[in-house]
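Please look over the model shown here before reading on.

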Amino acid sequence: MINDEFVKQVEQEIPDKDNAKVLVACGEGLRSLMAISKLHEGEYRNLAWLAGGFNRASDSDFPAVEGPEKLQYATIGGASYYFLQLLILLQAVGKES
């Protein structure tokens with residue numbers, strides 16, 4: 001879904017358009033590329049995006065990630081998150097058998 005307020009919301013959180021370093025990432029890299037384009041139009045200048053998204057990232061790409069979850073799961077939320085947790089649990093049980 002397109003968020004017409006996206007740049008305004010970023011401006012509230014990151015007002016320094018010239019000096020702030022902004023990294024945008026998503027699951028596949030396409031939405032973040034679109035977001036970078038919008039931010040550039042909004043006069044942000046220190047921009048980067050995660051090419052290929054979280055799904056292509058490996059555990060060693062970001063050694064200082066907080067939390068126990070794998071980086072590849074960063075874009076999964078809501079019911080999908082619980083479904084994923086169930087699959088992980090079933091895989092673990094299957095390995096024990």
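The sections below go from the whole chain to single residues.

## Basis and confidence

This is a predicted model, in which local features need pLDDT of at least 70 and side-chain atom pairs count only at pLDDT 80 or more, while totals for chains, interfaces and linings use all residues. Residues are numbered from 1 along each chain as its sequence is written, and side-chain values use heavy atoms, with hydrogens and water left out.

The protein chain has an average pLDDT (the predictor's confidence in each residue, from 0 to 100) of 81, and 75% of the residues score at least 70.

## Fold and surface

Four helices and two strands make up the elements of the protein chain, these being DSSP runs numbered from the N terminus (helices H or I, at least four residues; strands E, at least two). Along the sequence they follow the pattern α-β-α-β-α-α.

Of the 97 residues in the protein chain, 23% are buried, where buried means under 20% relative accessible area, exposed over 50% and partly exposed in between (1.4 Å probe, protein chains only). The accessible surface comes to about 7500 Å², of which 56% belongs to carbon and sulfur atoms; such areas come from the Shrake-Rupley method with a 1.4 Å probe, and for residues only the protein chains shown count as cover.

## The largest pocket

The largest pocket has a volume of about 470 Å³, and of the 15 residues that line this pocket, Asn3, Phe6, Met34, Ala35 and Lys38 are the closest to its centre. A pocket is here an open set of points on a 1 Å grid over the protein atoms alone, where a 1.4 Å probe fits, with protein on both sides within 12 Å along at least five of seven lines; lining residues have an atom within 4 Å of a point. Grid points are joined across faces, edges and corners, and the volume is the space filled by probe spheres set on the points.

Helix 1 (6-13) and helix 2 (30-41) are the elements that give two or more residues to the lining, with helix 2 giving the most, six residues.

Arg31 is exposed, because its relative accessible area is 54%, whereas Ser32 counts as buried, because its relative accessibility is 1%.

Leaving aside neighbours within four places in sequence, Ser32 is in contact (heavy atoms within 4.5 Å) with Val24, Ala25, Cys26, Trp49 and Leu50. Arg31 and Trp49, 18 residues apart in sequence, are 9.8 Å apart in space, C-alpha to C-alpha.
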